[in-house]
Every structure is written in C-alpha cells, then in structure tokens.
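Subject: A structure for you to explore

Hi there,

Here is the structure I promised to pass on to you. Have a look around it first, and then read my notes below.

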Amino acid sequence: MSIVPDHSPFSSPFSGEGPRVGVALSHGFTGSPYGVRAWAAALAAAGFAVRMPLLPGHGTTWQELSRSRWTEWHEAMDAAYLELEAECDHVFSAGLSMGGALALRIAATRPVAGAILVNPGLVIDDPRAPLAGILKLVLKSTPAIANDILKPGMDEGAYARTPVAAAHQLNKMFKDTLRLLPRVTAPVRVFRSTVDHVVSDSSIVALRRGLTHAPLQVSRLENSYHVATLDNDAEEIFSGSVDFIRVVAESRQAQNQSATASQKGTPDE
C-alpha cells in the first residue's frame with residue numbers, strides 16, 4: 001500500500017533548555033513539507049522551535065504552482081522567520097534545494113544566527129531557462145525531475161510536471177538571491193551530495209563566490225542523491241544540523257553575555 005504524502009505545514013514549540021532557539025525550514029521547488037518533514041521532526045526532537053510552511057502553489061497541483069510568484073515563496077518563509085523571532089533568542093534558516101535559496105534570502109535580509117542548506121539551488125543550467133518567460137506562453141509544463149533519491153522505495157511526493165511559468169519565477173528568484181549573497185554574515189553549513197542529478201556544482205561555485213562575508217562549511221554526502229533528506233545520509237544531515245545549531249547558538253550566547261558584562265563594567269563618564 002502506497003503512503004499518501006503529508007503536505008501540511010509543520011510547527012513545534014521550543015522545548016529545550018537554555019537560550020530559546022528556532023529554525024525556519026523550507027521545502028524545495030514542486031515539492032512540499034513531506035520531503036523535509038523528518039528533518040523538521042529531528043530539529044523539534046532536539047528541543048528547537050520549528051516553523052516549516054507550505055509554500056504557495058505547492059502541495060496541490062502543478063497548475064496552481066504555475067500561477068504563483070517567487071515573491072510569495074519568500075514571503076511565506078519570511079513570515080515563518082518573523083514568527084520565530086518573536087519568541088526565540090536565536091533563529092536559524094534552513095532548506096532543501098530551492099528552500100536553500102530561500103534560507104539564504106532570509107540570512108541576507110534578517111539577523112539570523114546561521115543557515116543550513118541541503119543541495120541548495122542557485123543556478124539553473126538548462127539552456128532553456130532564460131527563455132522560460134517566452135516559452136510559458138506556448139508550453140505549459142515539462143516532465144519533472146523528481147525523486148532523485150538513491151535509497152530504494154522512496155517517493156518525495158513532488159509534482160509529476162514542472163510548470164514552465166513557475167520555472168521562470170524560480171530563475172528570477174535565483175538571480176535575485178545571488179545578488180544578495182554578499183549581505184550574508186552568519187555562518188552557513190551546507191550538506192552536498194557527491195551525485196546530484198537536479199542541482200549541479202554550478203550552484204555551489206556561485207555560493208562560494210557570493211558568500212564574501214560569511215564563513216562557509218561544506219560536508220559531502222557520499223550515499224545520497226538530490227533529495228538527501230529522504231536518502232541514505234539523512235541522519236547525518238539531521239545530527240549535523242543539530243550540532244551546528246548548538247555550537248553557533250552557544251557561541252552567540254557567550255558573546256552576548258560577554259558584551260553585557262563589559263557594558264556593566266564600564267564606568268559612567
């Protein structure tokens with residue numbers, strides 16, 4: 001019996017100890033929260049507050065996705081960040097594929113503590129991409145590149161077709177996100193599959209080139225394809241994300257306490 005994918009958003013409160021930490025998490029293009037739900041659950045189990053929205057146009061039909069704009073996807077992720085910011089001391093952004101680009105946008109426009117990316121997309125190598133704005137008028141959709149997963153029997157529950165109009169929006173978002181990368185200053189952790197049939201190394205090259213003011217750490221996944229959050233290296237992603245968040249949050253907390261102590265120790269002039 002096949003499993004019906006759960007496309008619903010994910011939300012969990014902070015349940016840990018110490019400084020309150022939140023994570024705004026995004027799924028990928030044509031996918032849904034189903035593809036990263038296990039990641040969200042692992043972050044929640046570690047005690048972090050988590051918000052994972054269902055991006056507009058996703059989790060329904062590809063025809064609905066064709067009517068959405070990339071700014072709506074960004075707004076949904078930004079709303080998740082702002083909700084966490086209101087209740088947490090430190091907020092991280094995270095995402096898979098296109099969700100990685102959205103996480104970078106949040107890191108460039110909000111004071112995040114750090115960003116965690118799994119096979120982030122920033123460049124579309126398809127030579128038809130620059131023509132998508134015209135092609136969408138005569139070609140409504142193309143076969144999707146979905147379920148790029150090495151582990152047998154896995155299904156990410158993504159659309160079977162990719163709307164050309166939405167691909168045009170994706171290309172515009174990637175270009176705008178590349179422009180913002182120099183604004184990112186928080187540490188960035190990337191989990192990158194050695195074999196990825198969806199996002200090429202052009203995106204990683206662009207990421208390295210664009211992050212001129214942020215520390216970048218890349219971990220290689222040797223036994224997974226593009227949708228690594230459902231693949232053989234998923235546990236490595238989950239545990240690595242938790243470790244990264246804890247180290248960064250503890251460092252920020254120590255810096256804040258040191259700054260507070262320094263201010264208290266400064267005599268009035």
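Does glutamate 87 count as buried, partly exposed or exposed? At 28% relative accessibility, glutamate 87 is partly exposed. Here buried means under 20% relative accessible area and exposed means over 50%, with partly exposed in between (1.4 Å probe, protein chains only).

Before going on, please note that this is a predicted model, where local features need pLDDT of at least 70 and side-chain atom pairs count only at pLDDT 80 or more, while totals for chains, interfaces and linings use all residues. Residues are numbered from 1 along each chain as its sequence is written, and side-chain values use heavy atoms, with hydrogens and water left out.

**Salt bridges**

Side chains of opposite charge can pair when their charged atoms come close. A salt bridge here is a side-chain nitrogen of Lys or Arg within 4 Å of a carboxyl oxygen of Asp or Glu. The structure holds 8 of these salt bridges.

One of them joins glutamate 87 to arginine 51, at 3.2 Å from N to O. This pair links distant parts of the chain, 36 residues apart: glutamate 87 is in the loop between α3 (70-85) and β4 (90-96), and arginine 51 is in strand β3 (residues 49-52). (Helices, H or I with at least four residues, and strands, E with at least two, are DSSP runs numbered from the N terminus.) Arginine 51 is buried, at 9% relative accessible area. Arg51 and Glu87 also belong to a network of salt bridges with Glu83.

Another salt bridge brings together arginine 110 and aspartate 78, at 2.9 Å from N to O. Arginine 110 sits in the loop between α4 (98-109) and β5 (114-118) and aspartate 78 in helix α3, so this pair ties together parts that are 32 residues apart in sequence. Arginine 110 is partly exposed at 30% relative accessibility, whereas aspartate 78 is buried at 12%.

**Arginine 105 and its partners**

Which residue meets arginine 105 in a salt bridge? The partner is aspartate 176, at 2.8 Å from N to O. Aspartate 176 is in helix α6 (residues 164-180) and arginine 105 in helix α4, so the pair ties together parts that are 71 residues apart in sequence. Aspartate 176 counts as buried at 19% relative accessibility, and arginine 105 is buried at 6%.

The side chain of arginine 105 also makes a polar contact with the side chain of threonine 177, at 3.2 Å. A polar contact is a pair of N or O atoms within 3.5 Å; within protein, one must be able to donate a hydrogen and the other to accept it, and residues adjacent in sequence count only if both atoms are side-chain atoms. Leaving out residues up to four places away in sequence, arginine 105 touches Trp70, His74, Met173, Asp176, Thr177 and Leu180, where contact means heavy atoms within 4.5 Å.

Serine 224 is in the loop between β9 (216-221) and α8 (234-264), and it is buried at 2% relative accessible area. A polar atom of the serine 224 side chain lies 3.4 Å from the backbone nitrogen of asparagine 232. Beyond its neighbours within four places in sequence, serine 224 is in contact with Leu150, Ser193, Val195, Asp231, Asn232 and Asp233.

Lysine 151 lies in the loop between β6 (141-143) and β7 (161-163) and is partly exposed at 35% relative accessibility. Its contacts, again leaving aside neighbours within four places in sequence, are Leu230, Asp231 and Asn232. Lysine 151 and aspartate 233 are 82 residues apart in sequence and 9.5 Å apart in space, C-alpha to C-alpha.

Serine 241 belongs to helix α8 and is buried, with 0% relative accessibility. Not counting residues up to four places away in sequence, serine 241 touches Trp39, Leu43, Ile116 and Phe191.

Happy exploring!

Best wishes,
A colleague
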